[in-house]
Number of protein chains: 2
Amino acid sequence: MSDPDVDLPESVELAWGLRERPGKGPRRSLTMEQVVTAGIRVAEADGLPAVSMSRVAGELGVATMSLYRYVSAKSDLLELMADAASGDPPAPRGPDEGWRPALARWARANMVAIHRHPWIRQVPVSGPPLGPNGVRWMEQGLAALRGTGLNAAERLSAIMLVNGYARYWATLTVDMTEAAARRQLSPDDVGVHYWQQLARLTRHGPYPAIRELLAEEADGGAETAGGEEEEFEAEWRFSLDRILDGIEVLIRSRTAAG
Amino acid sequence: MSDPDVDLPESVELAWGLRERPGKGPRRSLTMEQVVTAGIRVAEADGLPAVSMSRVAGELGVATMSLYRYVSAKSDLLELMADAASGDPPAPRGPDEGWRPALARWARANMVAIHRHPWIRQVPVSGPPLGPNGVRWMEQGLAALRGTGLNAAERLSAIMLVNGYARYWATLTVDMTEAAARRQLSPDDVGVHYWQQLARLTRHGPYPAIRELLAEEADGGAETAGGEEEEFEAEWRFSLDRILDGIEVLIRSRTAAG
DNA sequence: GCATTCTGCGTATGGCATACGCTGTACTGC
DNA sequence: GCAGTACAGCGTATGCCATACGCAGAATGC
């Protein structure tokens, strides 16, 4: 079913600690971990655009080109950084936790990881996870759906859907917060500003649904407004609950039929 | 409610055709449309990384720096390109089309637009839509949910959820297809290769859920496999149906209670 | 002790976005 | 019809960037 030696990108093998030292030649003076954490340090301090090969090399006191003995291209480095910064998936809470709370915790942890390391959202994803942490996240996500009656493809699609949402949401909120900070406003004010802009643009022309939205927003907008924090939270929960409801419909139909 | 003059980014005003010619000074030798379509032409031909200010300027027969009379930064140009390439939202089909088919059509059109212009997925989104097409897409999305009993915030969250999924899915499939093409494989083979890689990495260690997945995939993988095209389609539909089911649960509860 | 093989890295190439300031142009107010 | 003014196009220059190539020296196997 699985050949003993499927070929894997070199940096992935290094990250998993496979690959033995090759005997010949001088010792490496750095570890993969040092390289990756140096990259993370830069991203954390000055953002992903500041992560250049020369900057990371400088951080380690080596020449720029030395890094290419560890990663085959900058994109490799970025992927490894993202994997490392994702950290540990949330610990399972025992077999009697239902799939729904487990998946909700997993989703939130997903979102929180990006909030904690906002630069992750700007790392282009080139494919399904292969890094050590990515695979462990996958494991935990799938574990939440064991015994639900969903088949393999469905379990996979479901966690991808949830992961996609968490990433999307985190990206959106971080972008908004950063846009706000750049103009020295609160995230709330950015929202208000957007409504005003939209109102101006749609003042003339066929935009009935948007105008209905704006009117309703202006009316009742205040009634649900708690703190900023709570509002973000409520919106996060809203869409997540829609997704989980949708999954639940399917699971129920499976357990009823089967 | 809405001030007569909320400030809008200059390029947005240009794109909407607001802003009168300023009397003084020489005429502009280009239109915004020319600049944007030149950028799109480059992206279409050689991908987004090929879109540099000098390349676009060359396409138009003007000097690089001339473009900065039209956009304030490259990111402006990219956003305008993405908006223009999004094209028209799907036409509404009449008031007796239910919210669900309407939203499903909208979602698919969203996804198809990215498939048609794959570079769109690489344009960083800096905030909610302000371009002419983006606003019209928003209008159509919201229109699909009129009269469902959902309030403004809920309608907005719902279409954002659907849009996020469409974008996510399109990105994923395009990335996979391009990765396959780069290695001269079929997208299917890339999938198989991934399973093999995952199997190797999880052979030792605590990955029960992933191993279960791999086993099940290896067993029954063939039984559902139709053409590639159909499989993509089925997976797209699966998650979309989860989301729509979730929205439907809420709508039903609203119309029952209200 | 020699061949081999790998490491670190200096150098060089060919990009890139964009700040600045100049020149000529088309209009406004007189 | 003319002066003043604000703007268009753009040449030049700065300071980045990723990475290809090849060399010198280090560690090992034999």
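**Exercise 1. Find which helix of chain A gives the most to the surface near DNA strand D, and describe that surface.**

Solution. Helix α3 (residues 53–60) of chain A gives the most, with three residues; helices are DSSP runs of H or I of at least four residues, and strands are runs of E of at least two, numbered from the N terminus. The model is predicted: local features need pLDDT of at least 70, side-chain atom pairs count only at pLDDT 80 or more, and totals for chains, interfaces and linings use all residues. Residues are numbered from 1 along each chain as its sequence is written, while chains are lettered from A and ligands numbered from 1 in the order in which they are written.

Next, list the neighbours of the strand. A residue is near a strand if its C-beta atom, placed from the backbone, lies within 6 Å of it. There are 25 residues around DNA strand D, and A:Ser52, B:Gly25, B:Ser29, B:Val62 and B:Ala63 come nearest.

Last, sort by class. Ala, Val, Leu, Ile, Met, Phe, Trp, Tyr, Cys and Pro count as nonpolar, Asp, Glu, Lys and Arg as charged, and the others, Gly among them, as polar. The surface near DNA strand D has 10 nonpolar, eight polar and seven charged residues.

**Exercise 2. Describe the surroundings of DNA strand C.**

Solution. DNA strand C is surrounded by 25 residues, the closest being A:Gly25, A:Ser29, A:Val62, A:Ala63 and B:Ser52. Here helix α3 (residues 53–60) of chain B gives the most, with three residues. The classes are 10 nonpolar, eight polar and seven charged.

**Exercise 3. Characterise the side of chain A that touches chain B.**

Solution. Count the contacts (C-beta atoms, placed from the backbone, within 7 Å): 53 residues of chain A are in contact with 52 residues of chain B. The elements of chain A that give two or more residues are α6 (132–144), α7 (152–182), α8 (187–201), α9 (208–220) and α10 (228–257). α7(A) gives the most, with 12 residues. By class, this side of chain A has 30 nonpolar, 11 polar and 12 charged residues.

**Exercise 4. Determine how chain A is laid on chain B.**

Solution. Superpose by least squares on the C-alpha atoms of residues with pLDDT of at least 70 in both copies. In chain A, the C-alpha of A:Gly246 is nearest the axis, 1.9 Å from it. The same surface serves both copies, since 98% of the contact residues of chain A recur in chain B.

Technical notes
Two residues are in contact if their C-beta atoms, placed from the backbone, lie within 7 Å.
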